[in-house]
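The following note is meant for a colleague who is opening this structure for the first time. Please keep the sequence and the 3D view at hand while reading the numbered points.

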Amino acid sequence: MKVLCVILAVAAFARATDIHLQKVVGGISGEANTTRYWDCCKPSCSWAENVNAQSPVASCAVDGVTVLDPSSGSGCAEDGSGISYVCTNQQPWAVNDTVAFGFAAASFSGGADNSQCCVCLQLSFLNVLPNKKLIVQVTNTGGDLESNHFDIQLPGGGVGYFTHGCVSQWNCPANGWGAQYGGITSESECNELPEVLQPGCHFRFNWFENADNPKVTFEQVVCPSELTSITGCVV
Ligand SMILES: *[C@@H]1O[C@H](CO)[C@@H](O)[C@H](O)[C@H]1NC(C)=O
Ligand SMILES: *[C@@H]1O[C@H](CO)[C@@H](O)[C@H](O)[C@H]1NC(C)=O
């Protein structure tokens, strides 16, 4: 097992060099579980007080496009008073067959989760998706997540704990599209999502090969501009 880990680490490093990603010396790394979600909610790294950066992660008006002031309330607030949602462009996309970019909620063992807001990580999948790397920026934290867990933002991947957001933003079914946890189960159901969210939904069935909560190894990388130009958050 140790030998395998070393080989994986070397392979991951080689790939990181390949795509001009710079590994963060002394950064976080390890093994983690993943799940998927799209709850439409304002990400927790969109609050200025949660982020050690000049700008927190962009959050958007109900149209999913107009960036709002970081102090605007969450559209997932239970009293229905908030106006701020996740921006539609924070969905994953494939660069090519082996490299993709995306966003994730994360929970790590050791250290306050908020201190990890906006860090970037290269995820390599164990057992499935050989040679594929998903580079994510952490935009959300998960009080409901176990330690070392990434909840990957995939439209149609289930709304999870917060059922109010997508109803309020897109008038989706009461517990989201498909199952509350896990979401839809076939690519054809992507058609039920708003058109602007369909590319990220198809991504799950194409590049991501509908992998079901694959385990990953992760290592911290310097955030590429492909991600920070979308979130506006640079740590
Ligand atoms: C995929 O894109 C990455 C990043 O630009 C590049 O380094 C890599 O060589 C590409 N792989 C293929 C198979 O084209
Ligand atoms: C992944 O989940 C399993 C089952 O819930 C758990 O036993 C394991 O410790 C988790 N792995 C990590 C790295 O947290």
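Predicted model: local features only at pLDDT ≥ 70, side-chain atom pairs only at ≥ 80, totals over all residues.

1. S72 is found in the loop between strand 2 and strand 3, the latter being residues 85-86. The side chain of S72 reaches the backbone oxygen of D69 at 2.5 Å. When neighbours within four places in sequence are set aside, S72 is in contact with K42, W47, I83 and S84.

2. The chain as a whole. The secondary structure comes to four helices and nine strands, and, when read along the sequence, these follow the pattern α-β-β-β-β-β-β-β-β-α-α-β-α. Of the 235 residues of the chain, 51% count as buried. Among contacts between residues at least 6 apart in sequence, 74% join residues at least 24 apart.

3. The annotated position. In the UniProt record, which is an unreviewed entry, the annotation "active site" covers D39; such annotations may be inferred rather than shown by experiment. In the model, D39 lies in the loop between strand 1 and strand 2, the latter being residues 59-60. D39 counts as buried because its relative accessibility is 7%. The side chain of D39 reaches the backbone nitrogen of C41 at 2.9 Å. Leaving aside neighbours within four places in sequence, D39 is in contact with C76, V159, F162, G165 and C166.

4. The cavity. By the rule applied here, the count comes to one cavity of 30 Å³ or more, and about 40 Å³ of space lies in the largest cavity.

5. Why can strand 6, residues 120-125, be described as largely enclosed by the rest of the structure? Six of its six residues are buried, and therefore the description holds. C120, Q122 and S124 point one way from strand 6, whereas L121, L123 and F125 point the other way, and all of them are buried. Strand 6 is joined to strand 7 by five bridges, and these two strands run antiparallel; in strand 7, the bridge partner of Q122 is I135. Strand 6 is also joined to strand 9, residues 216-221, by six bridges, again in an antiparallel arrangement, and in strand 9 the bridge partner of L121 is Q220.

6. Helix 3. Six of the eight residues of helix 3, which spans residues 198-205, are buried, so this helix is largely enclosed by the rest of the structure. The buried residues are Q198, G200, C201, F203, R204 and F205. Against which strands do the buried residues of helix 3 pack? They pack against strand 1 (29-37), strand 4 (93-94), strand 5 (99-107) and strand 7 (133-141).

7. Q116 has its place in the loop between strand 5 and strand 6, and it is buried because its relative accessible area is 12%. Leaving aside neighbours within four places in sequence, Q116 is in contact with I28, F108 and V138. Q116 and V51 are 65 residues apart in sequence, while their C-alpha atoms are 8.2 Å apart in space.

8. N52, an exposed position. N52 is found in the loop between strand 1 and strand 2, and it counts as exposed because its relative accessibility is 63%, which is over the 50% cut-off for that class. Leaving aside neighbours within four places in sequence, N52 is in contact with S115 and V235. The C-alpha atoms of N52 and V234 are separated by 8.9 Å, although the two residues are 182 residues apart along the chain.

Note on methods
Residues numbered from 1 in each chain as written. Chains lettered and ligands numbered in written order. Heavy atoms only, no water. Buried < 20%, exposed > 50% of the residue type's maximum accessible area, 1.4 Å probe, protein only. Contact = heavy atoms within 4.5 Å. Polar contact = N/O pair within 3.5 Å; in protein donor to acceptor, adjacent residues only side chain to side chain. Pairing = 2+ DSSP bridges. 1 Å grid on protein atoms, 1.4 Å probe; cavity = no way out; pocket = protein on both sides within 12 Å on 5 of 7 lines; lining within 4 Å. Points joined across faces, edges and corners; volume = space filled by probe spheres on them.
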